[in-house]
There are 2 protein chains.
Amino acid sequence: MADDQRQRTTVTIYGQHYRIVGKDGPEHVEKVASMVDDKMRELKVSNPYLDVSKLAVLTAVNMCHELVHLQEQSEDGKKEEDK
Amino acid sequence: MADDQRQRTTVTIYGQHYRIVGKDGPEHVEKVASMVDDKMRELKVSNPYLDVSKLAVLTAVNMCHELVHLQEQSEDGKKEEDK
């Protein structure tokens, strides 16, 4: 990807700033950052003794779990279409 | 969900153990944990100075980014079907 197509967006997640570089615009990056921030805060409520790194790992696990389920659904949908 | 339907699986992600509780079986949980572990190690290569918590947050951002894209594609697919 050409460097001039890459956009830089700074977001705040769980009180830390991150500069995200990619082809997606600020609106998408801020939506994603806000979802991660929300999930970390939600997990903190049910797991108050977790430190930030474990909280973030479990947030990643949670997101990845949803991703795998959606990928499987999407593949099942394609198989149905092919029938 | 009844408590007896919940399964407990212990996984290792980036050298730390996590006990994941949910309705999914060990195979799914281990796949998800392995994807998160892989992504953390991949991001560490390109960002060697990041600490574990930032690495985990960026992994969550990455997973969430893919999730949002797939959700959008899935919604577009449904809209196409409705036409």
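In the predicted assembly, 28 residues of chain B are in contact with 28 residues of chain A. On the side of chain B that touches chain A, at least two residues are supplied by each of three elements, namely strand β2 (16-22), helix α1 (26-46) and helix α2 (52-82). Among these contributions the largest share is that of α2(B), from which 18 residues of this side are drawn. In terms of residue class, the side of chain B that touches chain A comprises 19 nonpolar, six polar and three charged residues.

Chain B is superposed on chain A by a rotation of 180°, with a shift along the axis of 0.0 Å and an RMSD of 0.0 Å; the two chains therefore stand in the relation of a two-fold axis. In keeping with this relation, the same surface serves both copies, given that 100% of the contact residues of chain B recur in chain A.

Within chain B, strand β2(B), which supplies at least two residues of the side that touches chain A, is also paired with strand β1 (residues 7-13), the two running antiparallel and being joined by seven bridges. Together, β1(B) and β2(B) form a hairpin in which two residues lie between the strands. Ile13(B) has Gln16(B) of β2(B) as its bridge partner, and in the turn Tyr14(B) adopts a positive phi of about 50°.

Methods:
Residues are numbered from 1 along each chain as its sequence is written. Chains are lettered from A and ligands numbered from 1 in the order in which they are written. This is a predicted model: local features need pLDDT of at least 70, side-chain atom pairs count only at pLDDT 80 or more; totals for chains, interfaces and linings use all residues. Two residues are in contact if their C-beta atoms, placed from the backbone, lie within 7 Å. Helices (H or I, at least four residues) and strands (E, at least two) are DSSP runs, numbered from the N terminus. Ala, Val, Leu, Ile, Met, Phe, Trp, Tyr, Cys and Pro count as nonpolar, Asp, Glu, Lys and Arg as charged, and the others, Gly among them, as polar. Copies are superposed by least squares on the C-alpha atoms of residues with pLDDT of at least 70 in both. Two strands pair if DSSP finds at least two bridges between them.
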